[in-house]
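Subject: Handing over the model

Hi there,

Here is the structure I promised to pass on to you. Please open it in your viewer, and then read on for my notes.

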Amino acid sequence: MKPVKNFKDLSERQITASAVSIAGGADEAVLSCVQTLLQAGIIGHVIVSGPVQEIRKRLKNINADRNLFDIRDSDTSRACADAAVAAVKEGEAEILMKGHIESEIFLKSILDKESGIRLSRLLSNITVFEMDSYHKLLGITDNAIVPDPDFDDKKAIIENTLPLYSALGVEPVKVGLVAATEKITDALPATIDAENLKAACGNRQLKGFLVDGPFGYDACISKEAAENKNLADSPVAGDPDLILFHNLETANAVGKAIKFHGGAKSGGLLLGASVPVTFNSRSDRAERRINSLLLACATGSSAAHL
């Protein structure tokens, strides 16, 4: 399968229409994005949890066909989250979507030991960017969930991305491990973790990935910078599909810089659950919400055929 290079390619890819379960659907921005993909045939069925009258009112405001939305009446945030997660757990939906609901409550339902849908040892976040200054889609992780990952966490964060990249047709996934320097030093734990992750990849503990580093951000993202630092032989430097940062603060800051200063398009997913999860904030624009759903639909559709 030819790798997906941008969100336009992704929107035009033939995928099986997915069923989506929305936690807290009394939100016109959320419902409008879902309706767009319903009309495009990318989403085939929608389950919405929340106050039924509020949801019906918002569907009417956006001129949506109410018959296309299966409303599960829920009167509290936790009830909304539990109902949406239950729909996934019972096989009614391949995608979980965060709507108008608190992130903490949403995550608690996903992680619930009895009724939740966590699959990996931890949940993690990835944001995928499309920008004119880079030749393909670029993922950044973890920029929203795991604040200070240790070696095992970083290994799991990388592994969590495999279903997404498989759906995007990327194999192997080139992972750049970013630190302040390419020199291995005890003073910078990011460099030690990078050395160990590279060794783990070499020992086939990270199947489907090609991991290299540590790199400064410049050498990681630029072929020219990599050549100037005598890293031209690296199969990853200047050509990563995914960048793993040492902590959430760094990943979050770089991601926002790419978004605001680089004018990048983006979409994001929560990974490590039994299905892809969209985890957008209320301030996200429609384009980002739709891109996130496109990533989720592709990932869910691909997983269904494994």
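In which loop is the place of Asp142? Asp142 sits in the loop between β6 and α6. Please keep in mind throughout that this is a predicted model.

Is Asn143 buried or exposed? With a relative accessibility of 9%, Asn143 counts as buried, because the cut-off for buried is under 20%.

Another polar contact joins the side chain of Asn143 to the side chain of Thr127, at 2.8 Å. If residues up to four places away in sequence are not counted, Asn143 touches Asn125, Ile126 and Thr127, and also Leu248, Ala251 and Asn252.

**Another cis bond**

There is a cis peptide bond from Glu171 to Pro172 too, with omega near -10 degrees. Pro172 is found in the loop that runs between α7 (162-167) and β7 (173-178).

**Positive phi values**

For Asn63, phi is near 60 degrees, which is a positive value in a residue other than glycine. Asn63 lies in the loop between α3 (52-61) and β3 (69-73), and at 69% relative accessibility Asn63 counts as exposed.

For Arg204, phi is near 65 degrees, again a positive value in a residue other than glycine. The loop in this case is the one between α8 (189-202) and β8 (209-215). Arg204 is exposed, with 66% relative accessible area. The cut-off behind both labels is a relative accessible area over 50%.

**Helix pairs**

How do α6 and α8 pack? Their axes are 10 Å apart and the angle is about 55 degrees, so α6 and α8 are oblique to each other. The crossing of α6 and α8 is right-handed. On the α6 side, Phe151, Lys154, Lys155 and Ile158 take part; they meet Ala190, Asp193, Asn196, Leu197 and Ala200 in α8. Sorted by class, the contact of α6 with α8 has five nonpolar residues, one polar and three charged.

The other pair is helix α4 (residues 77-89) with helix α5 (residues 103-111). The axes of α4 and α5 come within 9 Å and cross at roughly 40 degrees. That angle makes α4 oblique to α5. The crossing of α4 and α5 is right-handed. From α4, the contact draws on Ser77, Arg78, Ala81, Asp82 and Val85, while α5 brings in Ile105, Phe106, Lys108, Ser109 and Ile110. By class, the residues of this contact of α4 with α5 divide into five nonpolar, two polar and three charged.

**Two residues and their surroundings**

Ser103 has its place in helix α5. Ser103 is partly exposed, at 32% relative accessible area. Apart from neighbours within four places in sequence, Ser103 is in contact with Lys98 and Phe279. From Ser103 to Met131 there are 28 residues in sequence and 28 Å in space, C-alpha to C-alpha.

Leu137 is placed in the loop between β5 (124-130) and β6. Leu137 is buried, with a relative accessible area of 7%. How many residues apart in sequence are Leu137 and Phe7? They are 130 residues apart in sequence, and their C-alpha atoms are 8.4 Å apart in space. Leaving aside neighbours within four places in sequence, Leu137 is in contact with Val4, Lys5, Asn6 and Phe7, with Val128, Phe129 and Glu130, and with Leu168 and Asp241.

Best wishes

Key. Residues numbered from 1 in each chain as written. Predicted model: local features only at pLDDT ≥ 70, side-chain atom pairs only at ≥ 80, totals over all residues. Heavy atoms only, no water. Axes fitted to C-alpha atoms, helices over the stretch in contact; angles between N-to-C directions. Helix = DSSP H or I, 4+ residues; strand = E, 2+ residues; numbered from the N terminus. Parallel < 35°, antiparallel > 145°, perpendicular 65-115°, else oblique. Left-handed = near helix turned anticlockwise from the far one by under 90°. Contact = heavy atoms within 4.5 Å. Nonpolar A, V, L, I, M, F, W, Y, C, P; charged D, E, K, R; others polar. Buried < 20%, exposed > 50% of the residue type's maximum accessible area, 1.4 Å probe, protein only. Polar contact = N/O pair within 3.5 Å; in protein donor to acceptor, adjacent residues only side chain to side chain.
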